[in-house]
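Work through the exercises below with the model open. Try each task before reading its solution.

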Amino acid sequence: MELKFLRQQKSGMRNAEKQHLDRLAQLPCALCGASGVHIHHLLEGRVKNRKSGHWTSIPLCPDCHTGSRNGIHGQRVMWNVQKKTELELLGETLEKLYANH
């Protein structure tokens, strides 16, 4: 996620949410390990037509996020190859961020 866009999105958030998103933005892609990530709000378990909360977000590179072939918002080829779900990646991401705190 571009930092300017991330700053605009964070204007109405609590401080803890801002810190969490800042930490997510520093991680590599949760699916492929590439750097330079977008923040993806999980689709699994959300209410239709509503974005999930900031706490249920994972870092994804542009290709794994919005790529027409590999991305979660596309054909999901990389997701099928890796055999991972959003919830599995959320768990792994939270463990990376908070396991040692």
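This is a predicted model: local features need pLDDT of at least 70, side-chain atom pairs count only at pLDDT 80 or more; totals for chains, interfaces and linings use all residues.

**Exercise 1. A residue in a helix**

Is Thr 93 buried or exposed?

- Step 1: check the accessibility. The relative value for Thr 93 is 3%. The cut-off for buried is under 20%, so Thr 93 counts as buried.

**Exercise 2. The buried side of H5**

Which residues of H5 are buried, and what covers them?

Solution. 
- Step 1: take the helix as a whole. H5 has 13 residues and spans 18 Å from its first C-alpha to its last, close to the 18 Å expected.
- Step 2: pick out the buried residues. They are Glu 86, Leu 89, Leu 90, Thr 93 and Leu 97.
- Step 3: see how they are arranged. These residues cover an arc of only 105 degrees around the axis, so they lie on the same side of H5.
- Step 4: identify the cover. It includes helix H2 (15-25), strands E1 and E2, and helix H4 (77-82).

**Exercise 3. The strand pair**

How do E1 and E2 run relative to each other, parallel or antiparallel? Then sort the residues of E2 by the way they point.

Solution. 
- Step 1: count the bridges. Four of them join E1 (residues 38-41) to E2, and the strands run antiparallel.
- Step 2: take one bridge. His 41 has Ser 57 in E2 as its partner.
- Step 3: apply it to E2, residues 57-60. Ser 57 and Pro 59 point one way, Ile 58 and Leu 60 the other, and all are buried.

**Exercise 4. The cysteines**

How many disulfides does the model hold?

Solution. 
- Step 1: set the cut-off. The two sulfur atoms must lie within 2.5 Å.
- Step 2: apply it. The count is zero.
- Step 3: check Cys 61. The nearest cysteine sulfur to Cys 61 belongs to Cys 64, at 3.6 Å, and Cys 61 is in no disulfide either.
- Step 4: Cys 32 is partly exposed at 38%, whereas Cys 61 is buried at 6%.

How values were computed:
Residues are numbered from 1 along each chain as its sequence is written. Side-chain values use heavy atoms; hydrogens and water are left out. Buried means under 20% relative accessible area, exposed over 50%, partly exposed in between (1.4 Å probe, protein chains only). Helices (H or I, at least four residues) and strands (E, at least two) are DSSP runs, numbered from the N terminus. Two strands pair if DSSP finds at least two bridges between them. The expected span of a helix is 1.5 Å times one less than its number of residues. The arc is that of the directions from the helix axis to the C-beta atoms. Contact means heavy atoms within 4.5 Å.
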